[in-house]
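Let's take a walk through this protein model, one spot at a time.

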Amino acid sequence: MNNKPIPIEASKALNTIAELLDGMLVAVYLYGSAAMAGLRRESDVDILAVTNQSLSDAARKALTDRLMQISRKPGNADGVRPLEVTVINRHEVVPWRYPPRQEYMYGEWLRAQFEQGAIPAPEHNPDLAILLAQVRRYNISLYGPAAADVLAPVPMADIRKAMRESLPGLLDWLKGDERNVILTLARMLLTASTGDFASKDRAAEWAMSGLSAEHAKLLDLTRKAYLGECSDSWEGLEAETASLACHLKNAIEAALKEQ
C-alpha cells in the first residue's frame, strides 16, 4: 500500500482532469520522484492521464488554462511545484507500438507558448516509451485500475531506442539548464546500464562511482543542489560542465551498444 504523501498540486490537477475529461477518463497516475524516492525540493509533480478517446481542441484549451492556474514556474516565491501532465489515448498505445503517440502535454517550459495561445497537439514522442515504462513500474494510482492493467509492457529494445533518439537533442539544452540536463543524463545512464529507473539524486549517486574525481565532484554538487543542500552556480564552469555532459553521453552510448 502506498504511504507517500500526495502533493497538493497533484490533487488539484486530478480534480481538474476528472472534471474536464469526464466520461473518457480511464486512469490517472502520479509518477516520477513522488512515486519513487519522494519529492525533493526541486521536483516537478509528474502526472499521466489515460483516456479512451482523443481530446477535442476545446478540451485541450480548457485543460491548459486550468493547469496554468495550478502550476508555477520552478523556483517561484510561493513554493508551488511545477506540473508535468501527459495525456494518452489508451487505444494509441495498447497494443504497444513505437514510437508512441501522446494526446497532450503540459509543462512549465511551454508556459510562454501557452500564454500566447498555443494549445498542445497530439504527436509521436519517443520519450513517451521511457515514461510509460517508468509509470508501469513506479506509480501512485490517483484514479482507476492499476497501471499494469491499463498500460502495455514496453520492450527494453524500445526504451533503448528512445534514449538513442533523444540523447543528441538533450545536450542542446545544457546551457541554461545545466542541473536538469546533467541529472537527466545520469538517469539515462542508470537505465541504459541496469534497465531500472531511479530518482535524479539516486541516479547521480549511482553514476558517481564510475567517474573521475573531477567529474564526480561536479555531479555531486548537482545532486546536492537538486536536494536543496546547496546552491549551484554554473558561471565559470562551462568547460567542466560540457566535459561531464560529454562523458555521460559517451557512457550512455557505450551502455546502449552493449545491450
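If you skip the neighbours within four places in sequence, Ser54 is in contact with Met24, Asn89 and Glu103. Keep in mind that this is a predicted model. You'll find Ser54 in the loop between strand S2 (45–51) and helix H2 (57–70). Is Ser54 buried or partly exposed? Its relative accessibility is 39%, so Ser54 counts as partly exposed.

Strand S3 covers residues 83–89, and seven of its seven residues are buried, so the rest of the structure largely encloses it. In a regular strand, side chains alternate between the two faces of the sheet. On one side of S3 sit Leu83, Val85, Val87 and Asn89, and on the other sit Glu84, Thr86 and Ile88; both faces are covered. S2 and S3 run parallel and are joined by seven bridges. Thr51 stands opposite Asn89 in S3.

Now for the nonpolar parts. In soluble globular proteins, nonpolar side chains tend to be buried together. Here the largest nonpolar core has 54 residues, and Leu48, Leu132 and Leu151 touch the most other members. Helix H8 gives the most to this core, with nine residues. There is also a second, separate core of 30 residues, which includes Ile17, Val45, Tyr104 and Leu110. Back to Leu48: leaving aside neighbours within four places in sequence, Leu48 has contacts that include Ala27, Val28, Ile88, Leu132 and Leu151.

What about aromatic rings? The structure holds one aromatic pair. The ring centres of Tyr106 and Phe114 are 5.2 Å apart and the planes meet at 25°, so the pair is stacked. Tyr106 is buried, with 0% relative accessibility, and Phe114 is buried as well, at 8%.

Let's move on to helix H10 (residues 213–227). How far does H10 reach from its first C-alpha to its last? The 15 residues of H10 span 21 Å, close to the 21 Å expected at 1.5 Å a residue. An α-helix has 3.6 residues a turn, so residues three or four places apart point the same way. Take His215 in H10: apart from neighbours within four places in sequence, His215 is in contact with Ser243, Leu244 and His247. After H10 comes Gly228, which has a positive phi, near 85°.

How many disulfides does a search of the whole structure find? The search finds zero.

| Residue | Relative accessibility | Counts as |
|---|---|---|
| Ser54 | 39% | partly exposed |
| Tyr106 | 0% | buried |
| Phe114 | 8% | buried |
| His215 | 11% | buried |
| Cys230 | 25% | partly exposed |
| Cys246 | 39% | partly exposed |

Methods: Residues are numbered from 1 along each chain as its sequence is written. This is a predicted model: local features need pLDDT of at least 70, side-chain atom pairs count only at pLDDT 80 or more; totals for chains, interfaces and linings use all residues. Side-chain values use heavy atoms; hydrogens and water are left out. Helices (H or I, at least four residues) and strands (E, at least two) are DSSP runs, numbered from the N terminus. The expected span of a helix is 1.5 Å times one less than its number of residues. Rings of Phe, Tyr and Trp (its six-membered ring) pair if their centres lie within 6.5 Å; planes under 30 degrees apart count as stacked, over 60 as edge-to-face and the rest as tilted. Buried means under 20% relative accessible area, exposed over 50%, partly exposed in between (1.4 Å probe, protein chains only). Contact means heavy atoms within 4.5 Å. A nonpolar core is a set of buried Ala, Val, Leu, Ile, Met, Phe, Trp, Tyr and Cys residues joined through side-chain atoms within 4.5 Å. A disulfide is a pair of cysteine sulfur atoms within 2.5 Å. Two strands pair if DSSP finds at least two bridges between them.
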